[in-house]
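Hello,

Here is the structure I said I would pass on. Please have a look at it, then read my notes below.

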Amino acid sequence: SGISLATKTINNPVTKNEEAQIELALNAVVDGLRAYKKACAEGSADKNCKINVAQIQVYTRQVEILVPRLRTFVDNNDQINASVVYNQLIGLYSDVKKVAANLGVTIGGAV
């Protein structure tokens, strides 16, 4: 179903629901990349798949670091850090979707 790409401020805190939404959206992107990478290894993806995977992984590797941080900050109601990390994840989501689209690769859900 996608996510809202609204950034957060201290006056607009990150909720547990928003944390879950961004996590689900980013998991869909990572799962899509894994499927594309598997198809590449099996020889059923496009000829540029190895290069494409390498370019997309630059973004998805950051997700593995930032999502647990966001979870911790939201759970502890540390809204300053939660907002910073949430906004970084929104940027990553937007960037990885653009890069993938430019490479002709469809990953993740609708925005």
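Start at the loop between helix H2 (49-75) and helix H3 (79-102), where Asn-77 is found. One caution before going on: this is a predicted model.

Asn-77 has a phi near 55°, which is positive although the residue is not a glycine. Most residues other than glycine have a negative phi. Is Asn-77 buried or exposed? Its relative accessibility is 57%, so Asn-77 counts as exposed; the cut-off for exposed is over 50%.

Now the overall picture. The protein chain has 3 helices and 0 strands. Along the sequence, the pattern reads α-α-α. The C-alpha atoms fill a box of roughly 50 × 20 × 20 Å along the principal axes. The chain has 111 residues, and 39% of them count as buried. Take the contacts with a separation of 6 or more: 67% of them come from residues 24 or more positions apart. The chain exposes about 6,400 Å². Carbon and sulfur atoms supply 52% of that area. As for charge, there are 12 positive and 10 negative charges, and their mean positions lie 7 Å apart.

Next, helix H1. It covers residues 16-42, which is 27 residues. From first C-alpha to last, H1 reaches 38 Å, close to the 39 Å expected at 1.5 Å a residue. Gly-43 follows H1, with a positive phi near 85°.

The structure holds 1 disulfide. Which residues does the disulfide join? Cys-40 is linked to Cys-49, with an S to S distance of 2.0 Å. A link of this kind is a covalent bond between the sulfur atoms of two cysteines. Both Cys-40 and Cys-49 are buried. The torsion about their S-S bond is about 70°, so the disulfide is right-handed.

On to helix H2, where Ile-56 lies. Why does Ile-56 count as buried? Its relative accessible area is 0%, and buried means under 20%. Leaving out residues up to four places away in sequence, Ile-56 touches Leu-33, Val-96, Val-99, Ala-100, Leu-103, Val-105 and Ile-107. Lys-16 is another matter to look at: it sits 40 residues from Ile-56 along the chain, and their C-alpha atoms are separated by 27 Å.

Last comes helix H3. Its 24 residues should span 34 Å at 1.5 Å a residue, and its end C-alpha atoms are 34 Å apart, so the two agree. Just after H3, Gly-104 takes a positive phi of about 80°.

Within H3, look at Asn-87. Its relative accessibility is 24%, so Asn-87 counts as partly exposed. What is Asn-87 in contact with, setting aside neighbours within four places in sequence? The partners are Thr-7 and Lys-8. Asp-46 is 41 residues from Asn-87 in sequence, and the two C-alpha atoms are 33 Å apart in space.

Begin with the disulfide between Cys-40 and Cys-49. Go on to Ile-56 and its contacts, including Leu-33 and Val-96. Finish at Asn-77, with its positive phi.

Best wishes

Technical notes
Residues are numbered from 1 along each chain as its sequence is written. This is a predicted model: local features need pLDDT of at least 70, side-chain atom pairs count only at pLDDT 80 or more; totals for chains, interfaces and linings use all residues. Side-chain values use heavy atoms; hydrogens and water are left out. Helices (H or I, at least four residues) and strands (E, at least two) are DSSP runs, numbered from the N terminus. The expected span of a helix is 1.5 Å times one less than its number of residues. A disulfide is a pair of cysteine sulfur atoms within 2.5 Å. Buried means under 20% relative accessible area, exposed over 50%, partly exposed in between (1.4 Å probe, protein chains only). Contact means heavy atoms within 4.5 Å. Accessible areas come from the Shrake-Rupley method with a 1.4 Å probe; for residues, only the protein chains shown count as cover. Lys and Arg count as positive and Asp and Glu as negative; His and the chain ends are not counted. The place of a charge is taken as NZ of Lys, CZ of Arg, CG of Asp or CD of Glu.
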